[in-house]
Amino acid sequence: MNVRPIGYFVHHQGRGHAERAAHIANALVSQRPVTLFCARDDIFPPLDARVELITIPSLFESAGGEPPVLADWRTPETLHCAPLGWRSIRKAVATITGWFETSDAALFVTDVSAELGQMARIASVPHVAVLQHGDRTDPGHMSSYESAVGILAPFAQKLEQAEIPGWMREKTHYAPGLGIDLAAQPSREQARIDLGLPADKRIVLVVAGGGGNGTPTAPLTLGARDDHDALWITIGEISSEWHETPPGNLTHKGWVDNPETWIAAADGVVSSCGNTTVHIVCAAGKPWIVVPEWRYFDEQLAKAEALEHAGLAAVARNWPSHTGGWRKLWDAASRLDVPSQRAIIDHDAARNAADWLNDLVERIWAGSKAEEPITARVEA
């Protein structure tokens, strides 16, 4: 019997989109074929050999050569990134829509692109929109969500934004923990042995994500100098300035392949709130300071507010500029309910999301709508 495939667009900024797509694809491919579309093929964790990965041109970076006058043409409110004259976009769209036809696609998942979600609907292919935090009430996002047969939220229902309307919630599957390997997370003691870190030293880990320009280290020098009995360590990309005077207890490790081990080893964590980082920290359960980074549609600001409202993180809207700011944040972080952090994680998030997608395909192609709304299986 011919089993119709699922296509999956993966945004190539940062690592979170690729990590959760890989986990879903690896869990889903035993049930039906999966094809991933992404502008990069080097940002994915190991993929099952049965998962197809097609590299397409970036939808967001010009290859050059477009007539400059086209850049001044007005963009309608229903679109965000839709420049005119880009051959790269034409090729990407042609690749995806050609695959729709030749594969007889059953479903298309967009993580994330409101434009491609609408394109799938126009092409008569059912699509699932991946939902991220932020103010996404604009016509472009809402058109994509309304036209979708389902919405996949890679976070706990407890972290849903209050303003999300009921019709969206009714077709949303919540997948907290999606994109992380919980089996790879050791105990604090084992993590310190694995990393060669002292067993009796207080360790603060600063996690810099991959979606921005690097975490500024000037505020960290203030926090580390005031916390002189602790060892402060950064992982990820950092950005330093000429006027800094780094203390001896602040060290930078750069990019690491095992962030979950470093987080497990820490006594306290400072980070932005990218989706993967949020899940790893919550799974470990740590006193946690969140400093949201700038993102389109205030994505991280909204996520930080949800974390703060749920009592899962101490949130700073800006990096502390003096030691008093750090002390206030650590006091708030010390009073967090760590068990509540761990409780929001679904240990079977990838499998549950894959089953939901496969069930959704079977239900929408069965000839009738479901009698009941397609809702979340995870009520964390």
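**Basis.** I worked from a predicted model, in which local features need pLDDT of at least 70, side-chain atom pairs count only at pLDDT 80 or more, and totals for chains, interfaces and linings use all residues. Residues are numbered from 1 along each chain as its sequence is written, and side-chain values use heavy atoms, with hydrogens and water left out.

**Entry 1: the sheet.** Strands here are DSSP runs of E with at least two residues, helices are runs of H or I with at least four, and both are numbered from the N terminus. Two strands pair if DSSP finds at least two bridges between them.

I then followed the bridges. β10 (231-235) pairs with β12 in the parallel sense over three bridges, and W232 has L250 in β12 as its bridge partner. β8 and β10 also run parallel, joined by five bridges, and V204 stands opposite W232 in β10. On to β13: four bridges join it to β8, again in parallel, with V269 in β13 as the partner of L205.

**Entry 2: burial of β8.** Is β8 covered on one face or on both? I found both faces covered, with I203, L205 and V207 buried on one side and V204 and V206 on the other. Five of the five residues of β8 are thus listed as buried, where buried means under 20% relative accessible area, exposed over 50% and partly exposed in between (1.4 Å probe, protein chains only).

**Entry 3: α9.** Axes are lines fitted to C-alpha atoms, for helices over the stretch in contact, and angles run from 0 to 180 degrees between N-to-C directions. Ten of the ten residues of α9 are buried, so the helix is largely enclosed by the rest of the structure. Among them are N275, H279 and C282. Just after α9, G285 takes a positive phi of about 75°.

Entry 4: Contact means heavy atoms within 4.5 Å. The buried residues of α7 are A218, P219, L220, T221, G223 and A224. They pack against β8, β9 (215-216), β10, β12 and α11.

Two packed helices are described by the angle between their axes and the distance between the axes. For α7 (218-226) and α11 (323-334) I recorded an angle of about 70° and axes 9 Å apart. The two are therefore roughly perpendicular, a class that spans 65 to 115 degrees, while under 35 counts as roughly parallel, over 145 as roughly antiparallel and the rest as oblique. P219, L220, L222, G223 and D226 in α7 meet T323, W326 and R327 in α11.

**Entry 5: α1, α13 and I6.** The axes of α1 (16-28) and α13 (349-364) come within 8 Å and cross at roughly 65°. H23, I24, A27 and L28 in α1 meet A350, R351, A353, A354, L357 and N358 in α13.

I next looked up I6 in strand β1 (6-10), which is buried with a relative accessible area of 0%. Leaving aside neighbours within four places in sequence, I6 contacts residues including L28, W99, L107 and L357. I6 and D104 lie 98 residues apart in sequence and 9.5 Å apart in space, C-alpha to C-alpha.

**Entry 6: backbone details.** Most residues other than glycine have a negative phi, and most peptide bonds are trans. I logged the following exceptions.

- D104, in the loop between α2 (87-103) and β4, has a positive phi near 55° and is partly exposed at 38% relative accessibility.
- S124, in the loop between α3 and β5 (127-130), has a positive phi of about 70° and is exposed at 62% relative accessibility.
- D111 and V112 are joined by a cis peptide bond with omega about -5°, and V112 is in the loop between β4 (107-111) and α3 (114-122).
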